[in-house]
Structure formats: structure tokens, C-alpha cells
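Subject: Structure handover

Hello,

Here is the structure I promised to pass on. Please open it first, then read the notes below it.

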Amino acid sequence: EGSKKESRGALIVIEGLDRSGKTSQCSRLVPFLEGQGVSAELWRFPDRTTNVGQTISAYLTNTSQLDDHTIHLLFSANRWEKRSLMETKLKTGTTLIVDRYSYSGVAFSSAKGLDIEWCKAPEIGLLAPDVVIYLGISPEKAAERGGYGGERYEKLEFQKKVADCYKVLRDDSWKVVDACQSIEDVEKQLQEIVTDCVAECRKGKPLSTLWS
Ligand code: FDM
């Protein structure tokens, strides 16, 4: 423990294809951290509870149609509307486990053919994650797991394009965890990564902004 009176929380982002196990692993991490005495919350994007989020949800369930650029900017706006709360939570010591973030935003929109730099631009200035964890699984293996819902992007051909776009975005700072292992093995590796990350932030690692 350092001498700092208040230590900030960590911004931990989990990314991956549909059916990679993101959501269930995210929800296991929060009680794990709390058990370690770390204040933690589970967040997810899109946050479908806001007005913007409801518009996004209608699009994803095919209840409405929107131009590709328009929906891209709405996904980004949905992160911007949560930015100040996110900053407050982090600065007051709460660690956030975030199920999808700007990387989903860029990967899914560029998979439709939008220019990647154009896709990244509206994300500039959002808080940068302290770590991005990618749950790696091939689109074919993910599809075999079954249970794709009926939402707009849940189709093998599209998921293959998303996987390629994630590859372009990924850099050496990302922690890639093999999502084809047992749930417990994946969980154990995630626990190690988040424990290290929380410790680094406690020691005073500064918050930064995208894209960094
Ligand atoms: N998605 C998610 C995007 O296209 N852009 C974004 O910025 C985000 C955060 O929305 F297919 C896509 C990814 C996924 C869909 O995600 C809804 P969940 O995790 O299934 O709710």
C-alpha cells in the first residue's frame, strides 16, 4: 500500500466476439474483486437504459433501420453520456469492469466497411482503459457454442469480419485470453490480470484518454 489517501479504481474493458463468454466472465469478476476488498461495478455498452441506448436497442433488434454512420455515432454518444459518471466512479476508488467499449464500436462499424480512422474519431477523449482483455475464440468455434440470438450482428459471416477488424485494432498492450479453455481456467487468468491492474492503479498510474 502506498501512502496515497485515495487511490483510484481501474478501468477494465473486456472485448470479444459474441459467444466468447464475455458477459458471464464479467459478472464473475465483480464478486471476485469485492471479495478482495475492492469496490467494483459491472458496466456494459451499449447501455440500453438511456434514451440513446433505447434507440440503439431498437436498431439491434431490427425494430428500426439506421444509416451505418448514424448508428456508429449513437454508440459513441452512448459512451460519452456515461463519461463523467465513469470518471467520478474511478476517481472515488471504484473499479469498473466494462463489457464492450470503443473497440467494439470500431470493430463492428469497420466490419461494415466504414473507414477505421473515421470510426475512431468520435472516441477521442473518452477515458482510456487501464487494460483491454480480449477473449479469443474463432468465429466458427463461437458459432458452434450456439445460442446466437436474433440480433442484427449475430451471424457467422459478419462475426468473421468483426474478428478481422479486432485484429487490426489489437496491440501489444492487450491481454489475450483463450476463451476455448474451461470457464474456470479463463476465470483464473482474468482474475490475475485484473488483480495486477487494480494494484497498478492504486500505486498511482494516471488516467488517460483515447486513443493512447
Ligand atoms: N456494438 C457494441 C457495436 O456495434 N458498437 C458498439 O459501440 C458497441 C458497444 O452491439 F453485436 C455491437 C456489438 C453487439 C451489439 O452488444 C450488442 P451486446 O454485448 O450483445 O449487448
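**Helix packing**

Helix 2 (residues 51-60) packs on helix 3 with the axes 9 Å apart and at an angle of about 140 degrees. That angle makes helix 2 oblique to helix 3. Their crossing is left-handed. Please keep in mind throughout that this is a predicted model.

Which residues meet here? From helix 2 come Val52, Gly53, Thr55, Ile56, Tyr59 and Leu60. They meet Asp68, Ile71, Leu74, Phe75, Ala77, Asn78 and Glu81 in helix 3. By class, this contact of helix 2 with helix 3 has eight nonpolar, three polar and two charged residues.

Now look at helix 1 (residues 22-35) and helix 8 (residues 183-202). Their axes come within 10 Å and cross at roughly 55 degrees. Helix 1 and helix 8 are therefore oblique to each other. The crossing of this pair is right-handed. Helix 1 brings Gln25, Arg28, Leu29, Phe32 and Leu33 to the contact. Helix 8 brings Ile183, Val186, Glu187, Leu190, Gln191, Val194, Thr195 and Val198. Sorted by class, the contact of helix 1 with helix 8 has eight nonpolar, three polar and two charged residues.

The next pair is helix 4 and helix 7 (residues 156-169). The axes of helix 4 and helix 7 come within 8 Å and cross at roughly 125 degrees. So helix 4 is oblique to helix 7. Helix 4 passes helix 7 in a right-handed crossing. On the helix 4 side, the contact is made by Tyr103, Ser104, Val106, Ala107, Phe108 and Ser110. On the helix 7 side, Phe158, Gln159, Val162, Cys165, Tyr166 and Leu169 take part. How do the residues of this contact divide by class? Nine are nonpolar, three are polar and none is charged.

The largest pocket has a volume of about 690 Å³. It is lined by 33 residues. Closest to its centre are Asp18, Lys22, Thr23, Arg44 and Arg100. Which helices each supply at least two residues of this lining? Helix 1, helix 3 (68-91), helix 4 (102-110) and helix 8 do. The lining of the largest pocket has 12 nonpolar, 10 polar and 11 charged residues.

The second largest pocket holds about 460 Å³ of space. Of its 26 lining residues, the closest to the centre are Pro129, Asp130, Val131, Val132 and Ser173. Strand 4 (131-136) and helix 8 each supply at least two residues of this lining. Which element gives the largest share of the lining of the second largest pocket? Helix 8 does, with six residues. By class, the lining of the second largest pocket has 13 nonpolar, four polar and nine charged residues.

Helix 8 is in contact with helix 1. Helix 8 also supplies residues to the lining of the largest pocket, and to that of the second largest pocket.

**Backbone details**

Most residues other than glycine have a negative phi, and most peptide bonds are trans.

Where are the cis peptide bonds to look at? One runs from Phe45 to Pro46, with omega near 0 degrees. Pro46 lies in the loop between strand 2 (40-44) and helix 2. Another cis peptide bond joins Leu210 and Trp211, and its omega is about -10 degrees. Trp211 is in the segment after helix 8.

Phi of Asn62 is near 65 degrees, a positive value in a residue other than glycine. Asn62 sits in the loop between helix 2 and helix 3.

Start with the helix pairs, then go to the pockets, then the backbone.

Best wishes

Conventions:
Residues numbered from 1 in each chain as written. Predicted model: local features only at pLDDT ≥ 70, side-chain atom pairs only at ≥ 80, totals over all residues. Heavy atoms only, no water. Axes fitted to C-alpha atoms, helices over the stretch in contact; angles between N-to-C directions. Helix = DSSP H or I, 4+ residues; strand = E, 2+ residues; numbered from the N terminus. Parallel < 35°, antiparallel > 145°, perpendicular 65-115°, else oblique. Left-handed = near helix turned anticlockwise from the far one by under 90°. Contact = heavy atoms within 4.5 Å. Nonpolar A, V, L, I, M, F, W, Y, C, P; charged D, E, K, R; others polar. 1 Å grid on protein atoms, 1.4 Å probe; cavity = no way out; pocket = protein on both sides within 12 Å on 5 of 7 lines; lining within 4 Å. Points joined across faces, edges and corners; volume = space filled by probe spheres on them.
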